[in-house]
Amino acid sequence: MDYKGVWTLGEARNGELKEVSFELLSRGRKLADKLDEELVSLILGDEITEEQAEELIKRGADKVLLLNDPALKDFIVENYSNVITDLIEKYKPEIILAAATTMGRTVMPYLAIKTKTGLTADCTDLDIEEDTGNLLQTRPAIGGNILATIKTPNHRPQMATVRPHSTKAAQKDESRSGEIVHLELDKSLLDGRVKKLGFRKNEEDAINIQDADVIAAGGKGLKKGENFAMIRELAGFFDGAVGASRDAVDRDWISYPYQVGLSGKTVTPKLYFAVGISGAIQHLAGMKTSENIIAVNEDLGADIFKVADFGIVGDLFEIIPELNKQLAEEVSK
Amino acid sequence: MNIVIPIKQVPETSNVKMDEETGTMKRDGVESIINPLDLYAIETGIQIKEEYGGTITVITMGPPSADKSLKEAIAMGCDDGILLSGREFAGSDTWATSYALSEAIRAIGEFDLILAGERATDGDTGQVGPGIASWLDLTLSTYTSKVVDIKDKSVIVERMVEDGYEKLQLPLPALLTVVKEISFPRLPTLRGKQRSRKVEIPQWNLSNLKMKEDFLGLNGSPTRVVNIDHPKVTRGGTVIDVRNDASIEKAVSQLIDYLKSKELV
C-alpha cells in the first residue's frame, strides 16, 4: 500500500486555533516518529492566518495543508467530508486523527463511509504495532468499564477520533520549520444543501465544560437549584466550569449543556470536584479519566469515593462553604 | 412524514455494580433494554408524527430476541418494526452496521426523516447514525437538541456544539442524531402494548434483502478488536470521614494541601 504520513485535523473557532489541535499534534508526532513518516496538519476554515499555520509547525507538524475559503467558514459536514475525501484521494495519508469533538465525531464517521475505511471513536491511547506498523487504537467502551484496543489491518487510511484533554498539548519549539501548502477550494465539492441559519451562544458560565481545566460538578445532594451557587463559587476560584450529574439536570436545577456522563458530555479536566454526586456508572463514564478527582458526599458507600483521589465524607453544606472560605484565604495570600 | 428510527438493544446498566476485584461489570441477570438515548429519537419521532402525520418504522440489527425492543417502541407509538437478524451480521463494526441498516432503510421505501440516538450506551461510538446518513447521502445534523420547524420540504433544527447551539436548515430527506435535551420520552400505553402484540415484525437478512455479502459482519468490517482490558476503577485515594466530629476545618485544610501538592492551587 502506498499510503504514507500521519495527518491531524486541526480545529479553529472564532479565529483561534483550538487547543485540541495541539493535543492531536502531540499524539501525531509520536506516531510519525515511530513510523519515520511526515506529520501533516490539515486545517479548513475561512480566516486561518499564516501565523497560525506556523504555530502548527512549531508545535510539531512537518507540513500544514491550509485551505481557506469563505464557503468553509462554518462546519457543514457534507462540505467538509467532500473536501477531506478529495484530499485523501490525492495525498493518500496512512493515518488521520481528529478530535472527538462535535465536529470530529460528525465528519469522521461520514467520511469513513465514503473512503471505505475503519474509524475508531474517542480514543484515549494510540500507538504503532511493532511488527506490522498498524495503528493501535485504545478506547473506553461500555461506560468506561472496558478498554478495547482496535486496529484497521487492511484498509487505509486508518482513522481515529481522540478524546480531548487525554494528552498534553504539544509545546512550541521556535526552532522547528516546515512547509505551508495553500490549497484552493474546488467549488464542485461544495454540497450546497444544508444552510446555517444562526448561532446562539451558551449562557455566561456554561463555558465549554469540555475545554475546562477544572470542573466543579454538583448532583442530587445539593437538594435544590439555588445551591449551585456554592458550586459556581468553588469553580470560580479556579476559573473553572460548572458541571452537573443527570439527577441535577433532570430536576431542572441546571440546564443540559452542563451535564456530565453517558447521556451528557465526556470530560477530562485536570481537576474534577464531584459534590453531592453518588457516582452512578453513567456519571463515572463521563469523568473518570479526569486527572484528579475530589469527592464530597455524605454516603461513605457512594461509588464516587472509589474513583476519588481525595474524598471527604460528610455534610456538603458544611464542607463546601468551609472549602470556599479556605480557598478565598489562599487566594488573598 | 415517513420516519425511520434505527434503534439498538443494549444491556441495562443503570443499576449495575462493579466487581472491585476484576474491574468488570456484574452482568448477572442484566436485562436488555432499548438504548436509553434512542428513546429521545423515538419520542421526537412520535411528536413529529402527531403534528405532521405519517408513519414511523423502527429498525434494529441484533439477535431474534431484539424484537422485544421493537415491540416496546411500537407500544410507545411507532407503527412498524423491522428486525435485521442473521449470522451474516455477526461481528459487524460501525462501518458494516451502518451499511446493513442503510440497505434495509432503502428497502423500506420512501422516507423523509431518519432519527437516531446520538450514540449507544454500550459501544459508545456515535458513528452509526452519521454512517447511515453517509451511505444514503442524506443531509445530517448530529447532536440535535431541537426540531424548530418542518416546512418547504426541509427541517430546521438546533444542534448543540461545544460553545452553544447552531441553527441549521436541512432539505429532506435528512438524518438527525438527537441528544437528551430534545424531548422527554413517554411511557408505553396499555393500548400501545396491546397493539404491539399484534404487529408482525418481519425478519430481514441476506435471504430476503439484497446486500453485498462482503460488506457484512466481521468480513465486511474494516476494524478489528485485538485486545480487551478491564481497567482498575478504584483509585484508592484518601477518604476522610467527618460525619461524627467537628474536624471539617482540618479535613478541608488537608484537601487544600493535596491540591497544593498537585500544583492545582
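This is a predicted model: local features need pLDDT of at least 70, side-chain atom pairs count only at pLDDT 80 or more; totals for chains, interfaces and linings use all residues.
**Overall form of chain A and cysteine state**

Along the principal axes, the C-alpha atoms of chain A fill a box of roughly 60 × 45 × 40 Å.

Residues are numbered from 1 along each chain as its sequence is written, and chains are lettered from A and ligands numbered from 1 in the order in which they are written. Local features need pLDDT of at least 70, side-chain atom pairs count only at pLDDT 80 or more, totals for chains, interfaces and linings use all residues, and side-chain values use heavy atoms, without hydrogens and water.

Nine helices and 18 strands form the secondary structure of chain A. These are DSSP runs (helices: H or I, at least four residues; strands: E, at least two), numbered from the N terminus. Contacts (heavy atoms within 4.5 Å) were counted in chain A between residues at least 6 apart in sequence; 65% of them join residues at least 24 apart.

Buried residues (under 20% relative accessible area, 1.4 Å probe, protein chains only) make up 65% of the 333 residues in chain A. The accessible surface of chain A (Shrake-Rupley method, 1.4 Å probe) comes to about 12600 Å². Carbon and sulfur atoms account for 46% of that surface.

Zero disulfides (pairs of cysteine sulfur atoms within 2.5 Å) are found over all chains. Cys123(A) is buried, at 0% relative accessible area. Cys78(B) is also buried, at 0%.

Key. Buried means under 20% relative accessible area, exposed over 50%, partly exposed in between (1.4 Å probe, protein chains only).
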